[in-house]
Amino acid sequence: MTVQSIFMPEAIYRYMLDASLRETAIQAKLRAETAKLTEAHYQIAPEEGQLLAFLVEMIGARRTLDIGTFTGYSALTVAQSLPDDGRVISFDVNEQWTSQARAIWSEAGVADKIDLRIGPALDSLDKLLDDREGESFDFAFIDADKENYDAYYERCLSLVRRGGLIVVDNTLWRGRVADPSDRKHKTQAIRVFNAARLEDERVALCMLPVGDGVTLLRRR
Ligand SMILES: C[S@@+](CC[C@H](N)C(=O)[O-])C[C@H]1O[C@@H](n2cnc3c(N)ncnc32)[C@H](O)[C@@H]1O
């Protein structure tokens, strides 16, 4: 199974995982199953899953959003660290990958904590706002199409309560954001998102070289 970090030498990365990764058996199973897919690299790194679980536990989250389900790893790690009455609403457009997610969530015994909404995530987030669910979430994880990152973030800022956390994945985009010759749409979208956050006084900000780069934003 391919596990790697571009931000540190392989031997140190392996040591870090050996020294600190507490991956549950079902999480490891999902990672092994997903590794067979061409799109396996869509899945978050295991230490990033552990970071999400840590943050959710640290802030005592109950109501959470997961934008970009894929085969369900981020939703699974969050659901497993929520209290019994905790909930994840997870959004994706893809029926095939999310059917794999549903199966593993059932096997993990967390299916009743996860509400999967199929369809464009922006529409689903707008529906939550229309239904007056603004400021009712504690935590949001953004990990879907990069071109919509800014729009997802603005929705999440309205949906998450003051003091709540928004976590954004891929903000270092395998280092491509730092390569001026890379003018691809996705790279540009992430650069624009990152630059806007530096000036964004609505949140406290911290970027970590974990996984593919993770930005933590705490709503003020
Ligand atoms: C990087 S993967 C998410 C990985 C996932 N968080 C995990 O832990 O395995 C991105 C997902 O976003 C979904 N996606 C892409 N565009 C979308 C959209 N407009 N609305 C909802 N989901 C979308 C894709 O189908 C894909 O499953």
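A residue counts as buried if 20 or more other C-beta atoms lie within 10 Å of its own, as exposed if 12 or fewer do, and as partly exposed in between. Keep that in mind as we walk through this predicted model.

Start with asparagine 94. It has 15 C-beta neighbours inside 10 Å, so it lands in the partly exposed class. You'll find asparagine 94 in the loop that runs between β2 and α5 (95-108). For a sense of scale, pick out lysine 186 as well: asparagine 94 and lysine 186 sit 92 residues apart in sequence, and their C-alpha atoms are 20 Å apart in space.

Now for the ligand. Its shell is made up of 19 residues, and the closest are Gly68, Phe70, Ser74, Ala121 and Ala144. Two elements, α4 (73-81) and β2 (87-92), each put at least two residues into that shell.

Last stop: a pair of helices. Two packed helices are described by the angle between their axes and the distance between the axes. For helix α7 (residues 149-159) and helix α8 (residues 185-198), the angle is about 40° and the axes are 9 Å apart. That angle makes α7 and α8 oblique to each other. On the α7 side, the contact is made by Tyr149, Asp150 and Tyr153, while α8 brings Ala189, Ile190, Val192, Phe193 and Ala196. What kinds of residues make up the contact of α7 with α8? Seven are nonpolar, none is polar and one is charged.

Definitions and conventions: Residues are numbered from 1 along each chain as its sequence is written. This is a predicted model: local features need pLDDT of at least 70, side-chain atom pairs count only at pLDDT 80 or more; totals for chains, interfaces and linings use all residues. A residue is near a molecule or strand if its C-beta atom, placed from the backbone, lies within 6 Å of it. Helices (H or I, at least four residues) and strands (E, at least two) are DSSP runs, numbered from the N terminus. Axes are lines fitted to C-alpha atoms, for helices over the stretch in contact, and angles run from 0 to 180 degrees between N-to-C directions. Angles under 35 degrees count as roughly parallel, over 145 as roughly antiparallel, 65 to 115 as roughly perpendicular and the rest as oblique. Two residues are in contact if their C-beta atoms, placed from the backbone, lie within 7 Å. Ala, Val, Leu, Ile, Met, Phe, Trp, Tyr, Cys and Pro count as nonpolar, Asp, Glu, Lys and Arg as charged, and the others, Gly among them, as polar.
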